[in-house]
Amino acid sequence: MFERFSQHAREAVIGAVRRADWDNEDRVTPEHLLIALLADSGAGLARFLGDQVTAAEVSGELERMRRRGGLSDADAAALGEIGIDLGAVLDTVERSLGPDALVAPVSDRSRRRGISRPGRPTITPEFKHTLELSLREAVSLREREMRPEHLLLALLRQPGPACDVLTAHGVRYADVRARLSTAA
Amino acid sequence: MTEATSLAARAGDADPSVGLRAVSALRRLLEQLEAAQVRNARVHGWSWQDIADALGVSRQAVHKKHGRR
């Protein structure tokens, strides 16, 4: 699988695993991949996006989303429009159930083994699927190498927080795809 | 539409996209809240039947949804 990855694409995957490790998480998600891609200036993705979105912004929003059980800034704003203060709900819930009450708990497997986290974070099925999608994108664009831009397309096709954050910053699959098609 | 005109349109009539987004967000928030409250009930020693009764659903439904965590 990795033979078709460009150097930067490979580094992005490694960067994603490292990032999850630093954050003491036991799962590597597409969100980690997005952060790693944006943080690596060599990958050129931030430049490609014309600074529509930075690694710091994405990390910030993903952390807020994590605490909210996956609800994005756009979700919080929409709830506000119908009179629900998500921050207030969270504060109340955390006051009675403790901090990070809405964060998904660690997998049962590691809890049963009696350790708080395994030695190294493992990639989620969604992460793997993102890589598969990115290879398909490269093939459909008739490229020999899978590059960070293809990872971006895959992230935009995979429903989830990474896709939500990109969409919230105006990044659209159709636009990116069109740009890559004409460049080829 | 420019941002100014779209904002004006939203203020004027009930924009379905905002309303629907709110419903979707509320549904996901509800799921997270339910999961957190069920976890808490289990920590307090509640049986699946107790939890099901409090939620107004069947024991099977609660166990199937939350039992494997």
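**Briefing: a ring, a charge and a helical chain**

The charged end of Arg179(A) sits over the ring of Phe48(A), 3.9 Å from its centre; a charge counts as sitting over a ring if NZ of Lys or CZ of Arg is within 6 Å of the ring centre and within 35 degrees of the ring normal. This is a predicted model, in which local features need pLDDT of at least 70 and side-chain atom pairs count only at pLDDT 80 or more, whereas totals for chains, interfaces and linings use all residues; side-chain values use heavy atoms, with hydrogens and water left out. Residues are numbered from 1 along each chain as its sequence is written, and chains are lettered from A and ligands numbered from 1 in the order in which they are written. The model scores ipTM 0.73 and pTM 0.69.

**Aromatic rings in chain A**

- Over all chains, the structure holds one aromatic pair; rings of Phe, Tyr and Trp (its six-membered ring) pair if their centres lie within 6.5 Å, and planes under 30 degrees apart count as stacked, over 60 as edge-to-face and the rest as tilted.
- That pair joins Phe2(A) and Phe5(A) and is tilted, with 4.8 Å centre to centre and 55° between the planes.
- Phe2(A) is partly exposed, with a relative accessible area of 41%, whereas Phe5(A) is buried at 1%; buried means under 20% relative accessible area, exposed over 50% and partly exposed in between (1.4 Å probe, protein chains only).

**A buried histidine in chain A**

- His32(A) belongs to helix α2 (residues 30-39) of chain A; helices (H or I, at least four residues) and strands (E, at least two) are DSSP runs, numbered from the N terminus.
- His32(A) counts as buried because its relative accessibility is 5%.
- Apart from neighbours within four places in sequence, His32(A) is in contact (heavy atoms within 4.5 Å) with Ala16(A), Arg19(A), Ala20(A), Asp23(A), Glu25(A) and Arg27(A).

**Positive phi values in chain A**

- Most residues other than glycine have a negative phi.
- Asp100(A), in the loop between α6 (86-97) and α7 (108-112) of chain A, has a positive phi near 60°; Asp100(A) is partly exposed, with a relative accessible area of 35%.
- Arg142(A), in the loop between α8 (125-140) and α9 (148-157) of chain A, has a positive phi of about 55°; Arg142(A) is exposed, with a relative accessible area of 78%.

**Chain B as a whole**

- Chain B has four helices and zero strands, and its elements run α-α-α-α from the N terminus on.
- Of the 69 residues in chain B, 19% are buried.
- The accessible surface of chain B comes to about 4,800 Å², of which 57% belongs to carbon and sulfur atoms; accessible areas come from the Shrake-Rupley method with a 1.4 Å probe, and for residues only the protein chains shown count as cover.
- The mean pLDDT of chain B is 83, and 78% of its residues reach 70 or more; pLDDT is the predictor's confidence in each residue, from 0 to 100.
- Among the elements of chain B, helix α1 (residues 3-12) has the lowest mean pLDDT (51) and helix α3 (residues 48-55) the highest (96).

**Helix α2 of chain B**

- The 28 residues of helix α2 (residues 16-43) of chain B should span 40 Å at 1.5 Å a residue, and the end C-alpha atoms are 40 Å apart, which agrees; the expected span is 1.5 Å times one less than the number of residues.
- The buried residues of α2(B) include Val18(B), Ala22(B), Ala25(B) and Leu29(B).
- An α-helix has 3.6 residues a turn, so residues three or four places apart point the same way.
- Just after α2(B), Gly45(B) takes a positive phi of about 85°.
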